[in-house]
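User: Could you walk me through the packing in this model?
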Amino acid sequence: MAKVTLQTIADQVGVSRMTVSNAFSRPDQLSASLRERILETARELGYVGPDPSARALARGSTGAVGVLLTDALQYAFADEVAMAFLGAIASELAPTGLALTLLTSSETSGRVPARDVAMDGALVYSCDPTTPAVEWLRKRGLPLVFVDQVQAPGVPSVNVDDRGGARAAAQHLVNLGHRRIGIVSAAVGGSFGLDPDPLASPLAHPVRQRLLGWLEALRAAGIEPPVVKVPDSGHDDYLAGARLLLALPERPTAILCFSDVVAAAVVHAAEDAGLRVPEDLSVVGFDDSPMAARMRPALTTVRQDFAAKGKVAAAELTGALAAPRSEVRRRARHHVLPTELVVRASTAPPRRDQEGS
């Protein structure tokens, strides 16, 4: 059976090849009745539309943007924070017709998604600062937007006030009277366990900023907290980190956690140890993901606005994509969205026999 082309349809309808092409790619150029006649003929002949690769080549664009993630892609579907962020991006991009492509920063069988996948631009989302994937995107000259990353000259960025939020969380525990306060911080790569110098190694932007905020408030109160660094890879690792803190000779009366998911593991470890939250141990998370309010006790945490972050990031990326077609020079803008401490039932003053110890 001969291959059906635009010219085949044009000959059948009695119009030019360009008119048929417009029916698929520029419908506003045709009357509704003519376009429907062309599309109906295409359906009858079994034509599914112009080849996407050929169309991308002709237009000089793919119609897709990437989101670079450090983690394996299944993380994006299992983590409520990532899902809310990606959902906001998808919603914002929907009117533009741009597709969203998720990219892992790791290399598999010689294939590097940041180098090899066709896209018009990319969002770099909370990536390991040592990954070469970001450099591949920059070498390609793609429009980029950094999200939860260190700011870079000429690259729009969207961050939240991680440092201020963490500082408020730590100050909340200090104000309650806690003096033995531990930290469970998730990170990618490096050594894990009790870390005497947690800021010394390369850290993703949110990890470093939250550590800085916690340590500022605690050290101002004369508190030097034990810090456990765990792989940012799941509940079992977070659970193991929590158990390290709870096994210390001077067990913390409160624990600050990198995220609500980490906090859930800390509560789990406390229950396994026969401890009550918050009577024996106060726990504070970060993010205010949907799980925070569902937990029992409901989790004290730091709220960030995932939807706003996704919308601002998508708007910056579509603006960067449009910039080459505009005569107005676009400056890279750096957004820092606010955070807010949300006090719930997982924090309380230490017991009287724990005070001052």
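Analyst: Contact here means heavy atoms within 4.5 Å. The model is a predicted one.

User: Which residues of helix 1 meet helix 2?
Analyst: Leu-6, Gln-7, Ile-9 and Ala-10 in helix 1 meet Arg-17, Val-20, Ser-21 and Phe-24 in helix 2. By class, this contact has 5 nonpolar, 2 polar and 1 charged residues.

User: And at what angle do helix 1 and helix 2 pack?
Analyst: Helix 1 (residues 6-13) and helix 2 (residues 17-25) pack at about 110°, and their axes are 8 Å apart. Angles of 65 to 115 degrees count as roughly perpendicular, so helix 1 is roughly perpendicular to helix 2.

User: Changing topic: what is the strand order in the open sheet?
Analyst: The 5 strands are ordered 7-8-6-9-10, with mixed pairing. Strand 7 (193-194) and strand 10 (282-284) each have a single partner strand, so one side of each is left without a neighbour in the sheet.

User: How many bridges join strand 7 to strand 8?
Analyst: There are 2 bridges, and the two strands run antiparallel. Gly-193 has Lys-229 in strand 8 as its bridge partner.

User: Which residues touch the most other members in the largest nonpolar core?
Analyst: They are Trp-214, Leu-256, Val-266 and Val-283, in a core of 51 residues. Helix 12 (residues 260-272) supplies the largest share of this core, with 8 residues.

User: What does Val-283 touch?
Analyst: Leaving out residues up to four places away in sequence, the contacts of Val-283 include Ile-255, Val-266, Leu-299 and Thr-347. Another core, of 21 residues, lies apart from the largest one and has Val-65 and Phe-306 among its members.

Definitions and conventions:
Residues are numbered from 1 along each chain as its sequence is written. This is a predicted model: local features need pLDDT of at least 70, side-chain atom pairs count only at pLDDT 80 or more; totals for chains, interfaces and linings use all residues. Side-chain values use heavy atoms; hydrogens and water are left out. Two strands pair if DSSP finds at least two bridges between them. Helices (H or I, at least four residues) and strands (E, at least two) are DSSP runs, numbered from the N terminus. A nonpolar core is a set of buried Ala, Val, Leu, Ile, Met, Phe, Trp, Tyr and Cys residues joined through side-chain atoms within 4.5 Å. Buried means under 20% relative accessible area, exposed over 50%, partly exposed in between (1.4 Å probe, protein chains only). Axes are lines fitted to C-alpha atoms, for helices over the stretch in contact, and angles run from 0 to 180 degrees between N-to-C directions. Angles under 35 degrees count as roughly parallel, over 145 as roughly antiparallel, 65 to 115 as roughly perpendicular and the rest as oblique. Ala, Val, Leu, Ile, Met, Phe, Trp, Tyr, Cys and Pro count as nonpolar, Asp, Glu, Lys and Arg as charged, and the others, Gly among them, as polar.
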